[in-house]
Amino acid sequence: MAKEGWNPGVLGIVAGRLLEELGQTVIVLNIEDGRAKGSARSIEAVNIFEALDPHRALFIAFGGHAGAAGMTLEVEQLDALSDILETYVKDKGIDAKGKSKLYLDEELDLENLSLETVKSFERLAPFGMDNQKPIFYIRDFQVENARSMGAGDSHLKLKISKGTASFEVVAFGQGSKATEFSQVKQLELAVTLSVNQWNGQTTLQLMMVDARVDGVQLFNIRSKSVELPEGVPVLDFTSDLPEMLSSPAIVVKNIPEDLSLLKQVLQEQNFSAIYFKNDIAKAYYLTGYGTREQFAKLYKTIYQFPEFDIRYKLKDLSTYLKIEQILLVKMIQIFEELGFVTIENGVMKVNKEAAKRDIAESQIYQNLKQIVKDQEMMALGTVQEIYDFLMAK
(Lines give C-alpha, C1' and ligand atoms only; values in the text may rest on other atoms or scores of the structure.)
Protein backbone atom coordinates (compact mmCIF):
# COMPACT_ATOMS: atom_id res chain seq x y z
CA MET A 1 0.00 0.00 0.00
CA ALA A 2 1.49 3.32 -1.06
CA LYS A 3 -0.08 6.77 -0.99
CA GLU A 4 0.77 10.44 -0.56
CA GLY A 5 -0.07 12.26 2.66
CA TRP A 6 0.30 9.46 5.18
CA ASN A 7 2.07 10.16 8.46
CA PRO A 8 5.47 8.42 8.24
CA GLY A 9 5.69 8.11 12.02
CA VAL A 10 2.78 5.67 12.34
CA LEU A 11 3.27 3.48 9.27
CA GLY A 12 4.86 0.68 11.30
CA ILE A 13 1.92 0.65 13.68
CA VAL A 14 -0.53 0.68 10.78
CA ALA A 15 1.29 -2.19 9.08
CA GLY A 16 1.19 -4.18 12.31
CA ARG A 17 -2.54 -3.61 12.75
CA LEU A 18 -3.24 -4.59 9.14
CA LEU A 19 -1.17 -7.73 9.60
CA GLU A 20 -3.31 -8.64 12.64
CA GLU A 21 -6.54 -7.90 10.78
CA LEU A 22 -5.72 -9.50 7.41
CA GLY A 23 -3.29 -12.23 8.40
CA GLN A 24 -1.10 -11.35 5.40
CA THR A 25 2.27 -9.70 4.86
CA VAL A 26 1.79 -5.93 4.62
CA ILE A 27 3.97 -3.08 3.34
CA VAL A 28 2.73 0.47 4.01
CA LEU A 29 4.57 3.35 2.32
CA ASN A 30 4.17 7.12 2.26
CA ILE A 31 4.92 8.80 -1.07
CA GLU A 32 6.70 12.15 -1.00
CA ASP A 33 8.88 13.87 -3.63
CA GLY A 34 8.89 10.81 -5.87
CA ARG A 35 10.04 8.46 -3.13
CA ALA A 36 8.15 5.82 -1.13
CA LYS A 37 9.20 5.31 2.49
CA GLY A 38 7.66 3.09 5.12
CA SER A 39 7.49 -0.22 6.93
CA ALA A 40 6.69 -3.89 6.35
CA ARG A 41 5.24 -6.43 8.76
CA SER A 42 5.19 -10.08 7.80
CA ILE A 43 3.51 -13.34 8.72
CA GLU A 44 5.74 -16.09 10.04
CA ALA A 45 5.68 -18.02 6.76
CA VAL A 46 7.24 -15.09 4.84
CA ASN A 47 10.74 -13.99 5.90
CA ILE A 48 10.50 -10.41 4.64
CA PHE A 49 14.23 -9.75 5.13
CA GLU A 50 15.24 -12.89 3.24
CA ALA A 51 12.83 -11.99 0.44
CA LEU A 52 14.11 -8.45 -0.11
CA ASP A 53 17.76 -8.44 1.04
CA PRO A 54 19.11 -9.91 -2.26
CA HIS A 55 17.54 -6.96 -4.11
CA ARG A 56 19.17 -4.04 -2.28
CA ALA A 57 19.78 -2.30 -5.60
CA LEU A 58 16.04 -1.70 -5.66
CA PHE A 59 16.21 0.46 -2.53
CA ILE A 60 17.67 3.76 -1.47
CA ALA A 61 17.63 2.40 2.10
CA PHE A 62 16.65 -0.98 3.50
CA GLY A 63 16.94 -2.92 6.76
CA GLY A 64 15.06 -5.28 9.00
CA HIS A 65 14.64 -8.88 10.10
CA ALA A 66 12.37 -11.86 9.42
CA GLY A 67 9.16 -10.26 10.66
CA ALA A 68 9.62 -6.56 9.93
CA ALA A 69 11.50 -4.20 7.65
CA GLY A 70 11.92 -0.54 6.85
CA MET A 71 12.60 0.77 3.36
CA THR A 72 12.89 3.74 1.04
CA LEU A 73 12.69 3.43 -2.75
CA GLU A 74 11.80 5.37 -5.87
CA VAL A 75 8.09 5.31 -6.73
CA GLU A 76 8.99 3.79 -10.12
CA GLN A 77 10.27 0.69 -8.29
CA LEU A 78 6.97 -0.15 -6.52
CA ASP A 79 5.82 -2.57 -9.21
CA ALA A 80 9.20 -4.33 -9.08
CA LEU A 81 8.88 -4.60 -5.28
CA SER A 82 5.50 -6.28 -5.66
CA ASP A 83 6.85 -8.68 -8.30
CA ILE A 84 9.81 -9.66 -6.09
CA LEU A 85 7.55 -10.57 -3.17
CA GLU A 86 5.13 -12.48 -5.40
CA THR A 87 8.02 -14.46 -6.95
CA TYR A 88 9.48 -15.24 -3.51
CA VAL A 89 6.16 -16.59 -2.25
CA LYS A 90 5.65 -18.74 -5.36
CA ASP A 91 9.20 -20.09 -5.41
CA LYS A 92 9.02 -21.05 -1.73
CA GLY A 93 5.59 -22.61 -2.11
CA ILE A 94 4.33 -20.47 0.75
CA ASP A 95 0.69 -20.17 1.71
CA ALA A 96 0.80 -16.40 2.05
CA LYS A 97 -2.63 -16.36 3.64
CA GLY A 98 -1.72 -18.94 6.24
CA LYS A 99 -2.01 -17.84 9.82
CA SER A 100 1.21 -17.46 11.80
CA LYS A 101 1.81 -19.71 14.77
CA LEU A 102 1.05 -18.15 18.11
CA TYR A 103 3.33 -19.17 20.95
CA LEU A 104 1.72 -19.15 24.39
CA ASP A 105 3.80 -18.66 27.50
CA GLU A 106 1.54 -20.24 30.10
CA GLU A 107 -2.03 -21.30 30.89
CA LEU A 108 -3.78 -19.18 33.50
CA ASP A 109 -6.69 -20.08 35.76
CA LEU A 110 -9.04 -17.09 36.10
CA GLU A 111 -9.78 -17.97 39.71
CA ASN A 112 -6.10 -17.51 40.58
CA LEU A 113 -5.65 -14.27 38.63
CA SER A 114 -5.17 -10.92 40.37
CA LEU A 115 -3.45 -7.55 40.08
CA GLU A 116 -0.45 -9.11 41.80
CA THR A 117 -0.11 -11.44 38.82
CA VAL A 118 0.28 -8.45 36.50
CA LYS A 119 2.80 -6.77 38.81
CA SER A 120 4.93 -9.90 38.92
CA PHE A 121 5.19 -10.00 35.12
CA GLU A 122 5.91 -6.26 34.90
CA ARG A 123 9.34 -7.07 36.30
CA LEU A 124 10.15 -8.51 32.85
CA ALA A 125 9.62 -5.10 31.19
CA PRO A 126 10.39 -3.24 29.03
CA PHE A 127 8.65 -5.25 26.33
CA GLY A 128 9.42 -4.92 22.63
CA MET A 129 10.34 -6.84 19.52
CA ASP A 130 13.13 -8.78 21.24
CA ASN A 131 11.28 -9.12 24.56
CA GLN A 132 7.68 -9.91 23.74
CA LYS A 133 4.96 -9.37 26.29
CA PRO A 134 3.87 -12.75 27.75
CA ILE A 135 0.81 -14.28 26.10
CA PHE A 136 -1.42 -16.49 28.21
CA TYR A 137 -3.94 -19.21 27.43
CA ILE A 138 -7.32 -19.25 29.21
CA ARG A 139 -10.25 -21.64 28.87
CA ASP A 140 -13.17 -23.21 30.78
CA PHE A 141 -14.92 -19.90 31.42
CA GLN A 142 -18.33 -18.39 30.67
CA VAL A 143 -18.97 -15.37 28.46
CA GLU A 144 -21.39 -13.27 30.52
CA ASN A 145 -21.87 -10.60 27.86
CA ALA A 146 -20.26 -9.07 24.81
CA ARG A 147 -20.69 -5.57 23.43
CA SER A 148 -19.09 -3.25 20.94
CA MET A 149 -17.48 -0.02 22.11
CA GLY A 150 -15.34 2.88 20.98
CA ALA A 151 -15.62 5.12 17.94
CA GLY A 152 -17.94 3.53 15.42
CA ASP A 153 -18.39 0.54 17.75
CA SER A 154 -15.17 -0.79 16.27
CA HIS A 155 -13.84 -2.51 19.40
CA LEU A 156 -15.14 -5.38 21.51
CA LYS A 157 -15.48 -5.84 25.25
CA LEU A 158 -16.31 -9.17 26.89
CA LYS A 159 -17.13 -9.99 30.45
CA ILE A 160 -15.98 -13.51 31.29
CA SER A 161 -16.25 -15.46 34.51
CA LYS A 162 -15.23 -18.66 36.21
CA GLY A 163 -16.54 -19.45 39.66
CA THR A 164 -16.43 -16.22 41.66
CA ALA A 165 -13.82 -14.60 39.41
CA SER A 166 -14.83 -12.25 36.57
CA PHE A 167 -12.77 -10.07 34.24
CA GLU A 168 -13.17 -7.82 31.23
CA VAL A 169 -11.50 -8.70 27.94
CA VAL A 170 -10.85 -6.04 25.29
CA ALA A 171 -10.32 -6.87 21.61
CA PHE A 172 -9.38 -4.00 19.32
CA GLY A 173 -10.99 -3.97 15.88
CA GLN A 174 -13.41 -6.80 16.71
CA GLY A 175 -16.55 -4.80 17.50
CA SER A 176 -18.46 -6.30 14.58
CA LYS A 177 -18.20 -9.75 16.19
CA ALA A 178 -20.12 -8.92 19.38
CA THR A 179 -23.01 -11.20 18.39
CA GLU A 180 -20.68 -14.13 17.76
CA PHE A 181 -18.75 -13.73 21.00
CA SER A 182 -21.95 -13.40 23.03
CA GLN A 183 -23.16 -16.81 21.80
CA VAL A 184 -19.98 -18.76 21.11
CA LYS A 185 -19.45 -22.16 22.74
CA GLN A 186 -16.20 -23.64 24.05
CA LEU A 187 -14.25 -20.43 23.58
CA GLU A 188 -10.51 -20.36 24.27
CA LEU A 189 -8.51 -17.14 24.38
CA ALA A 190 -4.93 -15.99 24.09
CA VAL A 191 -4.50 -12.80 26.10
CA THR A 192 -2.02 -10.39 27.55
CA LEU A 193 -2.47 -8.80 30.97
CA SER A 194 -2.90 -5.08 31.55
CA VAL A 195 -3.97 -2.67 34.27
CA ASN A 196 -7.01 -0.47 33.65
CA GLN A 197 -7.38 2.72 35.69
CA TRP A 198 -10.77 4.44 35.43
CA ASN A 199 -12.68 6.73 37.80
CA GLY A 200 -10.17 6.19 40.54
CA GLN A 201 -10.37 2.40 40.34
CA THR A 202 -7.59 0.06 39.29
CA THR A 203 -8.59 -3.28 37.79
CA LEU A 204 -7.00 -6.14 35.93
CA GLN A 205 -7.96 -6.21 32.26
CA LEU A 206 -7.23 -8.86 29.65
CA MET A 207 -6.29 -7.88 26.11
CA MET A 208 -7.29 -10.41 23.47
CA VAL A 209 -4.54 -11.56 21.14
CA ASP A 210 -6.44 -14.40 19.48
CA ALA A 211 -9.45 -16.65 19.95
CA ARG A 212 -10.27 -20.25 19.13
CA VAL A 213 -13.42 -22.36 19.32
CA ASP A 214 -14.09 -26.06 19.21
CA GLY A 215 -17.01 -27.61 17.37
CA VAL A 216 -19.73 -26.18 15.13
CA GLN A 217 -20.79 -22.71 16.26
CA LEU A 218 -24.49 -21.83 16.04
CA PHE A 219 -25.64 -18.21 16.10
CA ASN A 220 -29.14 -16.92 16.70
CA ILE A 221 -29.70 -13.76 14.61
CA ARG A 222 -33.50 -14.09 14.37
CA SER A 223 -34.09 -10.71 16.00
CA LYS A 224 -35.08 -7.99 13.52
CA SER A 225 -32.42 -5.71 15.01
CA VAL A 226 -29.55 -8.10 14.22
CA GLU A 227 -28.01 -7.63 10.78
CA LEU A 228 -26.57 -10.37 8.60
CA PRO A 229 -22.81 -10.90 9.08
CA GLU A 230 -20.60 -9.47 6.35
CA GLY A 231 -18.70 -11.73 4.00
CA VAL A 232 -20.69 -14.90 4.77
CA PRO A 233 -22.64 -16.66 1.98
CA VAL A 234 -26.41 -16.34 2.41
CA LEU A 235 -28.93 -19.11 1.82
CA ASP A 236 -31.89 -17.27 0.32
CA PHE A 237 -34.45 -19.74 -0.97
CA THR A 238 -36.23 -17.03 -2.96
CA SER A 239 -33.24 -16.78 -5.32
CA ASP A 240 -30.29 -18.82 -6.62
CA LEU A 241 -28.21 -20.44 -3.91
CA PRO A 242 -24.66 -19.08 -3.39
CA GLU A 243 -21.34 -20.81 -3.94
CA MET A 244 -20.65 -22.61 -0.67
CA LEU A 245 -17.92 -25.18 -1.32
CA SER A 246 -15.06 -23.13 0.14
CA SER A 247 -16.98 -21.33 2.87
CA PRO A 248 -16.65 -22.41 6.53
CA ALA A 249 -19.82 -20.49 7.44
CA ILE A 250 -23.34 -19.94 6.12
CA VAL A 251 -26.34 -17.73 6.86
CA VAL A 252 -29.80 -19.33 6.73
CA LYS A 253 -31.74 -16.23 5.72
CA ASN A 254 -35.20 -17.64 5.14
CA ILE A 255 -37.10 -20.89 5.47
CA PRO A 256 -38.72 -22.73 2.55
CA GLU A 257 -42.02 -24.54 3.15
CA ASP A 258 -40.27 -27.80 2.32
CA LEU A 259 -37.16 -28.11 4.47
CA SER A 260 -35.62 -30.97 2.50
CA LEU A 261 -33.31 -28.72 0.46
CA LEU A 262 -32.10 -26.86 3.57
CA LYS A 263 -31.43 -30.18 5.29
CA GLN A 264 -29.52 -31.41 2.24
CA VAL A 265 -27.30 -28.32 2.10
CA LEU A 266 -26.38 -28.46 5.79
CA GLN A 267 -25.81 -32.21 5.82
CA GLU A 268 -23.62 -32.21 2.72
CA GLN A 269 -21.46 -29.19 3.66
CA ASN A 270 -19.05 -29.21 6.59
CA PHE A 271 -19.85 -25.77 8.00
CA SER A 272 -18.06 -24.70 11.16
CA ALA A 273 -20.47 -21.81 11.78
CA ILE A 274 -24.17 -21.39 10.96
CA TYR A 275 -26.16 -18.19 11.42
CA PHE A 276 -29.90 -18.70 11.73
CA LYS A 277 -31.95 -15.70 10.56
CA ASN A 278 -34.91 -17.91 9.63
CA ASP A 279 -37.22 -15.38 7.99
CA ILE A 280 -40.60 -16.96 7.27
CA ALA A 281 -42.67 -15.44 4.45
CA LYS A 282 -45.93 -17.16 5.36
CA ALA A 283 -46.03 -17.77 9.09
CA TYR A 284 -48.35 -20.76 9.32
CA TYR A 285 -46.97 -21.53 12.77
CA LEU A 286 -48.86 -18.42 13.92
CA THR A 287 -52.14 -19.28 12.15
CA GLY A 288 -52.11 -23.01 12.81
CA TYR A 289 -53.47 -25.52 10.28
CA GLY A 290 -57.13 -24.82 10.87
CA THR A 291 -59.42 -26.09 13.59
CA ARG A 292 -62.51 -28.22 13.05
CA GLU A 293 -64.61 -25.19 13.99
CA GLN A 294 -62.85 -22.98 11.41
CA PHE A 295 -63.39 -25.51 8.61
CA ALA A 296 -67.06 -25.90 9.60
CA LYS A 297 -67.62 -22.14 9.69
CA LEU A 298 -65.97 -21.70 6.27
CA TYR A 299 -68.12 -24.41 4.70
CA LYS A 300 -71.31 -23.06 6.26
CA THR A 301 -70.53 -19.57 4.97
CA ILE A 302 -69.73 -20.44 1.36
CA TYR A 303 -72.62 -22.95 1.20
CA GLN A 304 -74.98 -19.96 1.26
CA PHE A 305 -73.63 -18.61 -2.03
CA PRO A 306 -74.02 -20.39 -5.39
CA GLU A 307 -70.79 -18.71 -6.58
CA PHE A 308 -67.99 -16.94 -4.74
CA ASP A 309 -65.29 -14.92 -6.56
CA ILE A 310 -62.25 -15.49 -4.37
CA ARG A 311 -60.16 -13.13 -6.50
CA TYR A 312 -62.00 -10.13 -5.11
CA LYS A 313 -63.81 -11.40 -2.01
CA LEU A 314 -61.04 -13.30 -0.25
CA LYS A 315 -60.11 -10.36 2.01
CA ASP A 316 -63.75 -9.79 3.01
CA LEU A 317 -64.21 -13.51 3.70
CA SER A 318 -61.03 -13.52 5.82
CA THR A 319 -62.29 -10.57 7.86
CA TYR A 320 -65.74 -12.08 8.35
CA LEU A 321 -64.43 -15.48 9.44
CA LYS A 322 -61.53 -13.96 11.44
CA ILE A 323 -59.14 -16.34 9.68
CA GLU A 324 -55.79 -15.11 8.31
CA GLN A 325 -55.74 -15.00 4.50
CA ILE A 326 -52.75 -17.34 4.16
CA LEU A 327 -54.57 -20.00 6.17
CA LEU A 328 -57.88 -19.34 4.40
CA VAL A 329 -56.24 -19.99 1.02
CA LYS A 330 -54.93 -23.35 2.28
CA MET A 331 -58.36 -24.25 3.67
CA ILE A 332 -60.03 -23.52 0.32
CA GLN A 333 -57.35 -25.61 -1.46
CA ILE A 334 -58.13 -28.46 0.95
CA PHE A 335 -61.86 -28.17 0.17
CA GLU A 336 -61.06 -28.30 -3.55
CA GLU A 337 -58.80 -31.36 -3.12
CA LEU A 338 -61.56 -33.19 -1.23
CA GLY A 339 -64.17 -32.28 -3.86
CA PHE A 340 -66.20 -29.98 -1.61
CA VAL A 341 -65.76 -27.06 -4.03
CA THR A 342 -64.65 -26.41 -7.59
CA ILE A 343 -62.66 -23.37 -8.65
CA GLU A 344 -62.60 -22.09 -12.22
CA ASN A 345 -61.19 -18.71 -13.26
CA GLY A 346 -61.15 -17.60 -9.66
CA VAL A 347 -64.81 -18.43 -9.07
CA MET A 348 -65.54 -20.98 -6.35
CA LYS A 349 -68.68 -23.12 -6.38
CA VAL A 350 -69.84 -25.47 -3.65
CA ASN A 351 -70.38 -29.06 -4.72
CA LYS A 352 -73.54 -29.83 -2.79
CA GLU A 353 -73.44 -33.47 -3.94
CA ALA A 354 -69.96 -34.08 -2.51
CA ALA A 355 -69.47 -37.17 -0.39
CA LYS A 356 -68.65 -36.68 3.26
CA ARG A 357 -64.91 -36.91 3.87
CA ASP A 358 -62.62 -36.14 6.77
CA ILE A 359 -60.29 -33.14 6.47
CA ALA A 360 -57.41 -35.38 7.49
CA GLU A 361 -57.76 -37.25 4.17
CA SER A 362 -56.35 -34.21 2.38
CA GLN A 363 -52.66 -34.35 1.44
CA ILE A 364 -52.56 -30.54 1.46
CA TYR A 365 -53.84 -30.63 5.05
CA GLN A 366 -51.19 -33.17 6.08
CA ASN A 367 -48.48 -31.09 4.39
CA LEU A 368 -49.74 -27.97 6.20
CA LYS A 369 -49.55 -29.73 9.56
CA GLN A 370 -45.92 -30.62 8.82
CA ILE A 371 -45.16 -27.03 7.73
CA VAL A 372 -46.60 -25.70 11.00
CA LYS A 373 -44.49 -28.16 12.99
CA ASP A 374 -41.34 -27.31 11.02
CA GLN A 375 -41.91 -23.56 11.32
CA GLU A 376 -42.49 -23.81 15.06
CA MET A 377 -39.07 -25.43 15.38
CA MET A 378 -37.35 -22.89 13.12
CA ALA A 379 -38.98 -19.87 14.77
CA LEU A 380 -39.15 -20.90 18.40
CA GLY A 381 -36.53 -23.61 18.96
CA THR A 382 -33.05 -22.98 20.30
CA VAL A 383 -30.29 -22.94 17.69
CA GLN A 384 -29.02 -26.26 19.04
CA GLU A 385 -32.50 -27.80 18.70
CA ILE A 386 -32.77 -26.40 15.17
CA TYR A 387 -29.36 -27.77 14.21
CA ASP A 388 -30.09 -31.23 15.61
CA PHE A 389 -33.45 -31.25 13.82
CA LEU A 390 -31.92 -30.29 10.45
CA MET A 391 -28.99 -32.70 10.74
CA ALA A 392 -31.12 -35.71 11.68
CA LYS A 393 -31.03 -38.29 8.88
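This is a predicted model: local features need pLDDT of at least 70, side-chain atom pairs count only at pLDDT 80 or more; totals for chains, interfaces and linings use all residues.
Let's start with a general point about packing: two packed helices are described by the angle between their axes and the distance between the axes. With that in hand, pick out helix 9, residues 310-321, and helix 10, residues 325-337. Their axes come within 10 Å and cross at roughly 115°, so the two helices count as roughly perpendicular to each other. The crossing of helix 9 and helix 10 is right-handed. On the helix 9 side, I310, L314, K315, L317, S318 and L321 make the contact, and Q325, L328, V329 and I332 answer from helix 10. Sorted by class, this contact has 7 nonpolar, 2 polar and 1 charged residues.

Stay with helix 10, and look for its pairing with helix 11, residues 363-380. Here the axes come within 8 Å and cross at roughly 150°. Angles over 145 degrees count as roughly antiparallel, and that makes helix 10 roughly antiparallel to helix 11. Helix 10 brings L327, K330, Q333, I334 and E337 to this contact, where they meet Q363, I364, Y365 and L368 of helix 11. The class tally for helix 10 with helix 11 is 5 nonpolar, 2 polar and 2 charged residues.

Now for the third pair. Helix 6 covers residues 260-268 and helix 12 covers residues 383-391. They pack at an angle of about 95°, with their axes 8 Å apart, which means that helix 6 is roughly perpendicular to helix 12. If you zoom in, you'll find L262, K263, L266 and Q267 of helix 6 meeting F389, L390 and M391 of helix 12. This contact splits into 5 nonpolar, 1 polar and 1 charged residues.

Helix 3 provides the largest share, with 6 residues.

Key
Residues are numbered from 1 along each chain as its sequence is written. Side-chain values use heavy atoms; hydrogens and water are left out. Axes are lines fitted to C-alpha atoms, for helices over the stretch in contact, and angles run from 0 to 180 degrees between N-to-C directions. Helices (H or I, at least four residues) and strands (E, at least two) are DSSP runs, numbered from the N terminus. Angles under 35 degrees count as roughly parallel, over 145 as roughly antiparallel, 65 to 115 as roughly perpendicular and the rest as oblique. A crossing is left-handed if the near helix is turned anticlockwise from the far one by less than a right angle, and right-handed if clockwise. Contact means heavy atoms within 4.5 Å. Ala, Val, Leu, Ile, Met, Phe, Trp, Tyr, Cys and Pro count as nonpolar, Asp, Glu, Lys and Arg as charged, and the others, Gly among them, as polar.
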